[in-house]
Amino acid sequence: MPPNPPSRPSKEIHVFPNPAPERDYVIQFQVPEFTCHCPLTGQPDFAHFTIDMIADEYCVELKSLKMYFWSYRDEGAFHEKVTNTILEDIVKVTNPRFIRITAKWYVRGGIYTNVVAEHRKKGWKPLPAVDLPAHGFESGLLR
């Protein structure tokens, strides 16, 4: 047995205190290799998850998030159900100001499915967007 065996899948999501709770800032997680299987056919389903989150008191610890997503590998789940369950599980442990999960499911029977689910903390209001001027790309090379 190696001294540090591989970790195992887990439904437990760990958190740590937000290092900057005084401001709204976006934390984005990209999970490009999500796998579960169709509860009807048993065929594998694959998705790319994007999680955009504005933390309040707690942030998600990355390794536990990886093990959490891994725990779905052998489960059968409809796209809509698994996307909303993941949202609920993260909200339960972090109680974020805002979270949006976008799940882009790969083609199945000629159909792509995208599921977007979000949660806003009661009373939280986003700051107004800041529009910055666009500038052309400067490479520093002579043309």
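This is a predicted model: local features need pLDDT of at least 70, side-chain atom pairs count only at pLDDT 80 or more; totals for chains, interfaces and linings use all residues.

Modeller: In total, 14 residues line the largest pocket. Nearest its centre lie V31, E33, K66, F69 and W70. By class, the lining has nine nonpolar, two polar and three charged residues. The volume of the largest pocket is about 330 Å³.

Now follow helix α1. It spans residues 62–70, and helix α2 spans residues 79–94. Two packed helices are described by the angle between their axes and the distance between the axes. Here the axes of α1 and α2 come within 12 Å. They cross at roughly 150°. An angle over 145 degrees counts as roughly antiparallel, so α1 and α2 are roughly antiparallel to each other. Their crossing is right-handed.

Which residues make the contact? From α1 come L65, Y68 and F69. From α2 come T85, I86, D89 and I90. Sorted by class, this contact of α1 with α2 has five nonpolar residues, one polar and one charged.

One residue ties the two views together. F69 is among the residues nearest the centre of the largest pocket, and F69 of α1 is also part of the contact with α2.

Key:
Residues are numbered from 1 along each chain as its sequence is written. Side-chain values use heavy atoms; hydrogens and water are left out. Axes are lines fitted to C-alpha atoms, for helices over the stretch in contact, and angles run from 0 to 180 degrees between N-to-C directions. Helices (H or I, at least four residues) and strands (E, at least two) are DSSP runs, numbered from the N terminus. Angles under 35 degrees count as roughly parallel, over 145 as roughly antiparallel, 65 to 115 as roughly perpendicular and the rest as oblique. A crossing is left-handed if the near helix is turned anticlockwise from the far one by less than a right angle, and right-handed if clockwise. Contact means heavy atoms within 4.5 Å. Ala, Val, Leu, Ile, Met, Phe, Trp, Tyr, Cys and Pro count as nonpolar, Asp, Glu, Lys and Arg as charged, and the others, Gly among them, as polar. On a 1 Å grid over the protein atoms alone, a cavity is a set of points where a 1.4 Å probe fits but cannot get out, and a pocket is an open set with protein on both sides within 12 Å along at least five of seven lines; lining residues have an atom within 4 Å of a point. Grid points are joined across faces, edges and corners, and a volume is the space filled by probe spheres set on the points.
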